[in-house]
Amino acid sequence: MQTRRDFLQKLTATAFSIPMLSSAAPGVFAQTKGLIPNDKMLRVAIMGLGSYANRVADAMKDCKRAKITGVISGTPSKITDWQARFNIPAKNCYNYENFDAIKDNPDIDAVYIITPNALHHPQALRVAAAGKHVICEKPMSINAQEGREMIEACKKAGVHLLIGYRMHFEANTLEIVRMRREGELGTIRFFQGLSGFKIGDPTQWRLNRELAGGGAMMDIGIYAINGARYMVGEEPIWVTAQEVKTDPVKFREGVDETITFQLGFPSGAIASCLSTYNMNYLDKFYLNGDKGFAEMQPSTGYGPIRSWTHKGRLDLPHVTHQTTQMDEMAAMILDGKKAIIPVDGEEGWKDMVIIDAIFESIRTGQKAEIKYV
Ligand code: NDP
């Protein structure tokens, strides 16, 4: 059995690879102890040059397997700025009208969609039709139906669909998942996920239903949903949910402010979660089993993540999440490597199925069954 020390040594030896748990193609890490990367790089065009795209781009400067070779933007001044910062030639720059032409561009392997939520679906369909791999920010879409269409489109085009779940590559998260999988926490009974922040500017797209597809749940509550799934290690089968709105002007019809929800898992484990745009200092996971516990606070922020278990503190070394994520995604696309916690379209779609069920439960006031069909 792999010990925690083995795990840590290998994890910290490289920012982008956990080779003993991977299914990387032979030869990918062949040169020494499996840690020298293949020199093939994933060439990525970033779509939507906003706040998170800038964070991703800065993090990618340290990537060993992925680099930015193109941009898609509706703002010409941003294109000029990014061209200078990342040495991007004019022929690799597009806007939202002409980016279908990316299909004829041999410098671009994948497009990373980092636009407002409701745009992900139509944009992903166009990227897939252009024959490029799709990396898409969370939430993958604004409902399960759209998510399913994205999966089908990518399948039909023969391209990967990966969702930007950066926590799936984070060291503390992976260590707790390893402990749970290897039985160190015993039978899992309970998870608590608290995800939220107090949102500012009332005019931003995050508070516009047309672009956001909802409110806090799509944006931040999804971390508690996704976390419940990878921490418990099962897919929930029912949900009950309650909504509270203290500011109906800022949070209009269809834009949720605060939702509490409870999930039930096939084993009998339960989860209790909170999603909000009206409280700060809310980024906490707690997992309870009959032999131990794990706790993380902060649990999904940009880091460092702080964590401890019944055995003591973890606090594993911080690596910029987006650097690791993009190197790992490059290894998946280029080498067929498998993620320890999946980041594929099906993973994103399950979160959308659960979000649909949460809204159904709020609408009906009843427990909603979660059906993955
Ligand atoms: P921003 O508002 O900062 O950026 C979004 C960008 O999308 C804009 O700058 C703009 O870029 C482009 N865009 C295209 N159409 C529109 C439109 N109609 N209205 C507004 N912007 C438009 O948002 P974020 O970067 O914070 O979020 C983008 C996505 O990334 C969201 O889906 C969000 O959930 C996700 N995200 C994920 C995080 C994570 O940790 N995984 C963290 C933060 C966000 P341009 O001018 O170049 O066209």
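Guide: Before we count anything, one rule: rings of Phe, Tyr and Trp (its six-membered ring) pair if their centres lie within 6.5 Å, and planes under 30 degrees apart count as stacked, over 60 as edge-to-face and the rest as tilted. This is a predicted model, in which local features need pLDDT of at least 70 and side-chain atom pairs count only at pLDDT 80 or more, while totals for chains, interfaces and linings use all residues. Residues are numbered from 1 along each chain as its sequence is written, and side-chain values use heavy atoms, with hydrogens and water left out.

Visitor: OK, so how many aromatic pairs does that rule give?

Guide: By that rule there are eight aromatic pairs. One of them is formed by Trp82 and Phe86, a tilted pair with 5.1 Å from centre to centre and 50 degrees between the planes.

Visitor: Where do Trp82 and Phe86 lie?

Guide: Both are in helix H3, which covers residues 76-86, and they are four residues apart, about one turn of the helix. Helices here are DSSP runs of H or I with at least four residues, strands are runs of E with at least two, and both are numbered from the N terminus.

Visitor: And is Trp82 buried or exposed?

Guide: Trp82 counts as buried because its relative accessibility is 1%, given that buried means under 20% relative accessible area, exposed over 50% and partly exposed in between, with a 1.4 Å probe and protein chains only. Phe86, at 13%, counts as buried too.

Visitor: Why is the pair of Trp349 and Tyr372 edge-to-face?

Guide: The ring centres of Trp349 and Tyr372 are 6.4 Å apart and the planes stand at 65 degrees, so this pair is edge-to-face. Trp349 belongs to helix H10 (residues 345-364) and Tyr372 to the segment after strand E15 (368-369), so the pair ties together parts that are 23 residues apart in sequence. Trp349 is buried at 5%, whereas Tyr372 is partly exposed at 26%.

Visitor: Which residues do ring pairs link into a cluster?

Guide: Phe191, Tyr230 and Phe285 are joined in that way.

Visitor: What lies over the face of Trp349?

Guide: That is Arg148, at 4.3 Å from the ring centre. A charge sits over a ring if NZ of Lys or CZ of Arg is within 6 Å of the ring centre and within 35 degrees of the ring normal.

Visitor: What does Asp81 form with Arg85?

Guide: The two form a salt bridge, with their closest N and O atoms 3.2 Å apart; the term stands for a side-chain nitrogen of Lys or Arg within 4 Å of a carboxyl oxygen of Asp or Glu. Asp81 and Arg85 both lie in helix H3, four residues apart. Asp81 is partly exposed at 38%, and Arg85 is partly exposed at 33%.

Visitor: How many salt bridges does the structure hold?

Guide: The structure holds 25 salt bridges. Among them is the one where the side chains of Arg229 and Asp351 meet at 2.7 Å, N to O. This pair links distant parts of the chain, with Arg229 in helix H8 (residues 216-232) and Asp351 in helix H10, 122 residues apart. Arg229 counts as buried at 4% relative accessibility, as does Asp351 at 0%.

Visitor: Which residues are linked in a network of salt bridges?

Guide: Glu175, Arg178, Glu182, Glu184 and Lys311 make up such a network.

Visitor: Changing topic, how many helices and strands are there in the protein?

Guide: The protein has ten helices and 15 strands. Six strands form an open sheet, with parallel pairing, in the order E3-E2-E1-E4-E5-E6. Its edge strands, each pairing on one side only, are E3 (93-94) and E6 (161-163). Two strands pair if DSSP finds at least two bridges between them.

Visitor: Over how many bridges do strand E1 and strand E2 pair?

Guide: Strand E1 (residues 42-47) and strand E2 (residues 66-72) pair over six bridges, in the parallel sense. Arg43 stands opposite Lys67 in E2.

Visitor: And what percentage of the 373 residues is buried?

Guide: Buried residues make up 54% of the 373.
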